[in-house]
Amino acid sequence: MIKIFNEIKAFNGLLQAEYLKTRKTWAFWLSVLGGLLIPAIMFLVIKSQPGIIKNPMHPTPWLLFLKYNWQSVATFLLPLFLVLLTSLVVQTEHRANALKKMLTLPNSRATYYWAKLLVIIYYTILTHIVFAFSIIVFGLILGSLVPETQFLDKPIPLVMMSIQIVKSILASLGIIAIQFLISLQFKNFIKPIGFGFATTLAGSIMLLGWEYVDYWPWSLPAKVSPGIMSGGSSEIFTQHEWISIGYFLVISILGTIYFSRKNIK
Amino acid sequence: MQNIIETHDLTFHFRGKKNAVTGLNLNVPQGSIYGFLGPNGAGKTTTIRMLAGLLFPKRGIVKMFGNNISTHKRYARSHSSTMIEEPTAYKHLTGRENLEILCKAGMFDKTQIDQVLRTVNLFEDRHRKVSGYSMGMKQRLGIAGALLPNPELFILDEPTNGLDPQGMFEIRELIVDLNKKEGKTIFISSHLLGEIEKMCTHVGIIHQGKGIFEGSMDELALMAHATKLFRLETSEPQKAESILKDRYNTKLTHDKLVEIQPADSTDQYNAIKMLINQNIEVYQAFTIKNNLEELFIQVTDEGQNK
Ligand SMILES: Nc1ncnc2c1ncn2[C@@H]1O[C@H](COP(=O)(O)OP(=O)(O)O)[C@@H](O)[C@H]1O
Ligand SMILES: [Mg+2]
């Protein structure tokens, strides 16, 4: 019992350490600016062409606005963000020559592995929240600048937005687990980024119509949240989330075992 | 418990390379300052990485505090602290922030940070980013990180690398203080004999991955003085060397003197006689006391020829 308590305390300490390390790096700014980027661009587009948000099929501009935003990020930008984020977080450690120090502290390597993984998930959540928040803010600004868009007259679909965020985060887990393991393995960050870029690109092509695309981790985010506005499931756990979680658990558990036995040179 | 670190037949090789460490046996007594001495590339860092549990030996075991570290890793880690080669430092953060991270990650006492920073003379610079630190300052930050947990055993890999003479002196003082005043055991590696000589109680010499001497500092000194060197200035150094080679351990010094290790005065007399009999002119012949420096060069040279 005391052992478990100590382990939790150690994990918490490591987690805080991981946060302190990355807080002032590009990993943080990438998460914030990455979340802002597309809503800001959409804002500019709609402000110059309010017509595209008025669609008789959609009773509220919010749904269409959400759809445009999610469609723009989920196929390519979100997977790429995850690839970059994971590499940046791990790169902070490689560049500081820190593995050899961190892994001689009293904690187990497994604790270290999962603390780092969790910090990456933390930034993933952060970027999703910034994304949703920017959509709301830019929508409201649009509503006040261009009243005929009706953003101010219709309710903000907060429930649907929350579901989308959760689904998208779950669908990101597989990518994170794979990219994390690769980033840890290679000190040269070009390798994990090049790999992730290629697999993301391949995924976006597969999305055009390959039957096994549902099992391609880098394509999973595109399969969940953007579809909700056009009749996709709004259940939190569908096939795609489970596949992503499956990848995450299998890769991370194998990764932990591998990392615990690896020679740190 | 006699030895705080013990290794038996410790062996490691990197993929596709010959052994970096071969059959190494170390015995580090509790309460000692143990100098782990060897030229660059001898296998010091590789050994220390095995002591720290970063590399897994291909053969042999490491015992720390009496137990095999492969089964008692956590105990060993929480009672020792390790610093390996180029220090760990997050360059985008300040010196103090770096230590705060270590405190969080290792659950060390945060209130020690300022004290430790003062000990290594970084207190004034604690709010500066590490990217602006000199090599020596980074090294001292690494040492500060090793001091934080205040454990029984310190394992320091070339901690004075990159420091100026004043900085080296201060770190030596610090290590001797830790040992004398607080009874800590310190295992410290270096490629500089002079440094080890100045502070260590025990020494282990490693060369090309193999242990070639282990004992107290006094034993090493004794061994050094026991071996006398006899040098001869002659008209034909090369020829003289080849003549003496058959009977003595002979070498040619860089200033073209022939050097042998005589057992006694008869040996010296015989050597001179042999040369004169071969019509080589002997201008002068003299003995010198072997000092540690000579001994170190000698033993590492012998290893080279093997
Ligand atoms: N990461 C590595 N990969 C391959 N070979 C290595 C690595 N690190 C050290 N070596 C080799 O192992 C030997 C011992 O090196 P090292 O332990 O670093 O020596 P020292 O610390 O005494 O200078 C050297 O021949 C070196 O080239
Ligand atoms: Mg070294």
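Predicted model: local features only at pLDDT ≥ 70, side-chain atom pairs only at ≥ 80, totals over all residues.
**A tour of chains B and A**

Colour six strands of chain B in the order E6-E7-E8-E3-E9-E10. They form an open sheet with mixed pairing. Go to the edges: strand E6 (80-83) and strand E10 (210-216) of chain B each pair on one side only. Neighbouring strands of the sheet are turned by 10° against each other on average, direction ignored.

Zoom in on E6(B) and its partner, strand E7 (residues 153-157) of chain B. In which sense do E6(B) and E7(B) pair, parallel or antiparallel? They pair in the parallel sense, over four bridges. For one residue pair, select Met83(B): its bridge partner in E7(B) is Leu156(B).

Chain A has nine helices and zero strands. From the N terminus on, its elements read α-α-α-α-α-α-α-α-α. The radius of gyration of chain A is 20 Å, close to the 18 Å from the globule rule for 265 residues, so the chain is as compact as a globular protein of that length. Along the principal axes, its C-alpha atoms fill a box of roughly 60 × 40 × 40 Å.

Colour chain A by burial. Buried residues account for 53% of its 265 residues. Last, turn to contacts. Among those in chain A between residues at least 6 apart in sequence, 81% join residues at least 24 apart.

Key:
Residues numbered from 1 in each chain as written. Chains lettered and ligands numbered in written order. Heavy atoms only, no water. Pairing = 2+ DSSP bridges. Helix = DSSP H or I, 4+ residues; strand = E, 2+ residues; numbered from the N terminus. Axes fitted to C-alpha atoms, helices over the stretch in contact; angles between N-to-C directions. Rg over C-alpha atoms; globule rule 2.2 N^0.38 Å. Buried < 20%, exposed > 50% of the residue type's maximum accessible area, 1.4 Å probe, protein only. Contact = heavy atoms within 4.5 Å.
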